[in-house]
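Subject: Structure handover

Hello,

Here is the structure I promised to pass on. Please open it first, then read my notes below.

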Amino acid sequence: MLPIAIDVMSGDRGPGERIAGVVQAVRADPGLAVLLIGRPDEIGPHLHGLPEAIRQRIGAVAASQVIAMDTPPRAAIRGGRDSSMRVAINLVGERRAAACVSAGNTGALTAMAHYVLKTVAQIERAAIVSAIPSEAGHTLMLDLGANTRASEVQLLQFATMGAVVARELSGIAAPRIGLLNIGEEDIKGDDTVRAAHALLQQSSLNYIGFVEGDDIFSDRVDVVVTDGFTGNVALKTMEGLARMVSTRTRREFAAGFANRLAAWLARPSLRRLAQGLDPRRYNGACMVGLGGVVVKSHGQADATAFARAVELAATLGRGNLCAQVAQAFV
């Protein structure tokens with residue numbers, strides 16, 4: 001497999017945290033090779049002392065610029081030609097890398113990926129898809145922020161792409177598709193959602209109809225489709241709720257001897273629960289619909305979470321996702 005190109009400069013944490021995550025991923029996958037994209041003087045010190053067997057699978061490509069988290073997409077395209085983000089995407093477009101990973105500005109990454117890689121088949125816009133923990137293990141959800149608005153045709157395309165990802169990553173032959181809405185009745189929602197509902201009913205997808213927010217975590221649906229504005233708000237709400245529950249749980253178990261004893265007795269169960277719901281396990285969202293594999297990591301991801309995004313990129317890079325998505329639109 002070609003190496004994975006990794007933008008180690010972008011995001012809310014420094015290159016040290018990104019490189020630590022890359023090293024975790026390389027240690028866990030003997031077949032993985034990577035290219036670290038960024039400023040050599042900031043990358044080099046973090047590679048000292050690594051075992052030679054690991055160091056041989058980690059290359060570097062220089063990039064002099066870094067796209068800030070608040071840079072507008074158009075400005076990023078015009079002025080970021082030598083940015084770590086752009087160089088990583090270019091390597092995928094030049095077929096010198098199997099996939100790329102960035103924790104940077106979502107708008108800039110989306111715009112650059114569309115500009116360089118283009119969309120496949122007649123897909124109008126790529127969408128960001130990721131796994132959300134659920135009763136059944138996980139639910140795939142898209143779009144999570146690439147497109148603040150989506151037409152009924154684009155929502156149908158998102159559903160088709162989501163079904164392909166569910167088959168490729170989860171092995172589900174006929175994934176159940178749900179369209180996120182404020183109710184399950186046909187009359188609910190705005191004109192766009194109702195029009196998409198009609199298109200999905202006429203499609204060959206295994207469409208189960210409208211679903212509500214609580215269905216994301218149920219065993220009722222495999223893929224939830226929505227526009228990027230709604231999807232991103234829902235995702236950030238889930239992350240905030242998870243942090244609040246975790247904080248409150250620790251606080252309650254620390255309040256007094258009896259609570260601490262209860263926490264000690266429940267520790268094995270609590271550890272399994274925490275591991276299953278740890279958001280770091282689900283870091284990494286694929287930008288599906290492009291002519292190459294692009295994985296978006298959370299900007300605040302720590303080393304463990306970033307390693308998960310690199311692992312996802314490696315899995316997709318080894319697969320045939322882009323061709324399968326294109327085939328679905330033939």
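A residue counts as buried when its relative accessible area is under 20%. That cut-off is used on helix α9 below, where G228, G231, A234, L235, M238 and E239 are buried. Keep in mind that this is a predicted model.

Overall picture

The protein has 13 helices and 11 strands. Of its 330 residues, 47% count as buried. The radius of gyration is 20 Å, which agrees with the value near 20 Å for a compact globule of 330 residues. Along the principal axes, the C-alpha atoms fill a box of roughly 60 × 60 × 35 Å. Take the contacts with a separation of 6 or more: 73% of them come from residues 24 or more positions apart.

Helix α9

Helix α9 covers residues 228-253, 26 residues in total. From first C-alpha to last it reaches 37 Å, close to the 38 Å expected at 1.5 Å a residue. What do its buried residues pack against? They pack against β5 (127-134) and β6 (137-142). At the start of the helix, a side-chain oxygen of D227 comes to within 3.0 Å of the backbone nitrogen of F229.

I216

I216 sits in the loop between β8 (206-211) and β9 (223-225). Its relative accessibility is 3%, so I216 counts as buried. Which residues does I216 contact, leaving aside neighbours within four places in sequence? The list is I132, S134, T139, M141, L180, V224 and M238. M238 is also one of the buried residues of α9. I216 and T139 are 77 residues apart in sequence, yet their C-alpha atoms are 6.5 Å apart in space.

T160

T160 belongs to helix α7 (residues 152-170). Its relative accessible area is 13%, so T160 is buried. Leaving aside neighbours within four places in sequence, T160 is in contact with L205, A328 and F329.

G14

G14 lies in the loop between β1 (4-7) and α1 (15-28). Its relative accessible area is 38%, so G14 is partly exposed. G14 and R95 are 81 residues apart along the chain, and 27 Å separates their C-alpha atoms.

Backbone points to check

L142 and D143 are joined by a cis peptide bond, with omega about 5 degrees. D143 is in the loop between β6 and α7.

The loop between α6 (106-117) and β5 holds K118. A121 lies in that loop between α6 and β5 too. K118 is not a glycine, yet has a positive phi of about 60 degrees. A121 also has a positive phi, near 50 degrees, and is likewise a residue other than glycine. K118 is partly exposed, with a relative accessible area of 47%. A121 is partly exposed as well, at 48%.

Best wishes

Definitions and conventions. Residues numbered from 1 in each chain as written. Predicted model: local features only at pLDDT ≥ 70, side-chain atom pairs only at ≥ 80, totals over all residues. Heavy atoms only, no water. Helix = DSSP H or I, 4+ residues; strand = E, 2+ residues; numbered from the N terminus. Buried < 20%, exposed > 50% of the residue type's maximum accessible area, 1.4 Å probe, protein only. Contact = heavy atoms within 4.5 Å. Expected span 1.5 Å × (residues − 1). Polar contact = N/O pair within 3.5 Å; in protein donor to acceptor, adjacent residues only side chain to side chain. Rg over C-alpha atoms; globule rule 2.2 N^0.38 Å.
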